[in-house]
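Please read the points below with the sequence and the model open beside you.

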Amino acid sequence: MINGIILYTIATIYLGISFIKDKHKTKVALLSSWKMFRNVLPDLLAIMLFVGLALSLLTPSLISSIIGENSGLLGIIYSTIIGSIALVPSFIVFPLGHTLVQNGAALPQVAVLMSTLMSVGLATLSMEQKTFGRSFAYARNISAIIMSLLFALIIWVVMT
């Protein structure tokens with residue numbers, strides 16, 4: 001919370017400095033950023049709705065039953081799919097991973113789940129395509145899945 005207050009204070013100070021230096025450019029920049037925000041707002045609201053639904057449906061105990069110690073490669077595939085579809089804020093991912101391990105989930109499965117939760121965004125794919133283009137969005141998501149699977153493989157080899 002304090003970090004947020006500090007960042008907002010710094011942003012306000014810089015906005016004030018910008019306004020003092022050139023009022024017209026500052027107003028144009030604020031209007032432009034408002035229009036960009038307004039264009040992204042429907043996608044952000046849809047993502048927030050999806051996150052809420054995912055967090056209510058995908059409980060740690062349900063996920064642990066699917067990706068338990070004996071799930072092996074199938075558990076890694078399930079974790080990759082769940083992590084790619086679900087969109088969970090990063091401050092929830094690490095406690096979720098800890099809870100899953102405590103409930104009997106295997107480390108490679110949790111590792112790929114956490115990695116895909118934070119790096120793959122099928123829920124945000126349409127917004128990413130609009131912003132960065134289709135080929136970049138697909139290339140980024142596919143490479144994130146591959147890197148997550150490699151990460152899980154490394155943990156599987158090292159930890160077993």
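1. A crossing of two helices is called left-handed if the near helix is turned anticlockwise from the far one by less than a right angle, and right-handed if the turn is clockwise. By this convention, helix 4 passes helix 6 in a right-handed crossing; helices here are DSSP runs (H or I, at least four residues; strands are E, at least two) numbered from the N terminus.

2. The model is a predicted one, in which local features need pLDDT of at least 70 and side-chain atom pairs count only at pLDDT 80 or more, while totals for chains, interfaces and linings use all residues. Residues are numbered from 1 along each chain as its sequence is written, and side-chain values use heavy atoms, with hydrogens and water left out.

3. Two packed helices are described by the angle between their axes and the distance between the axes. Helix 4 (residues 72-85) and helix 6 (residues 107-119) pack at an angle of about 20°, with their axes 8 Å apart, where axes are lines fitted to C-alpha atoms over the stretch in contact, and angles run from 0 to 180 degrees between N-to-C directions. Helix 4 and helix 6 are therefore roughly parallel to each other (under 35 degrees; over 145 is roughly antiparallel, 65 to 115 roughly perpendicular, and the rest oblique).

4. Which residues of helix 4 and helix 6 make the contact? Among them are Gly72, Gly75 and Ile76 of helix 4 and Pro108, Val112 and Leu113 of helix 6, contact meaning heavy atoms within 4.5 Å. By class, the contact of helix 4 with helix 6 has six nonpolar, eight polar and no charged residues (Ala, Val, Leu, Ile, Met, Phe, Trp, Tyr, Cys and Pro count as nonpolar, Asp, Glu, Lys and Arg as charged, and the others, Gly among them, as polar).

5. Searching the whole structure gives two aromatic pairs, a pair being rings of Phe, Tyr or Trp (its six-membered ring) with centres within 6.5 Å, stacked if the planes are under 30 degrees apart, edge-to-face if over 60 and tilted otherwise. Tryptophan 34 and phenylalanine 37 form a tilted pair, 5.7 Å centre to centre with 40° between the planes, and both lie in helix 2 (residues 23-57), three residues apart, about one turn of the helix.

6. Phenylalanine 132 and phenylalanine 136 also form a tilted pair, at 5.4 Å centre to centre and 55° between the planes. Phenylalanine 132 is exposed, with a relative accessible area of 53%, and phenylalanine 136 is partly exposed at 41% (buried is under 20%, exposed over 50%, partly exposed in between, with a 1.4 Å probe and protein chains only).
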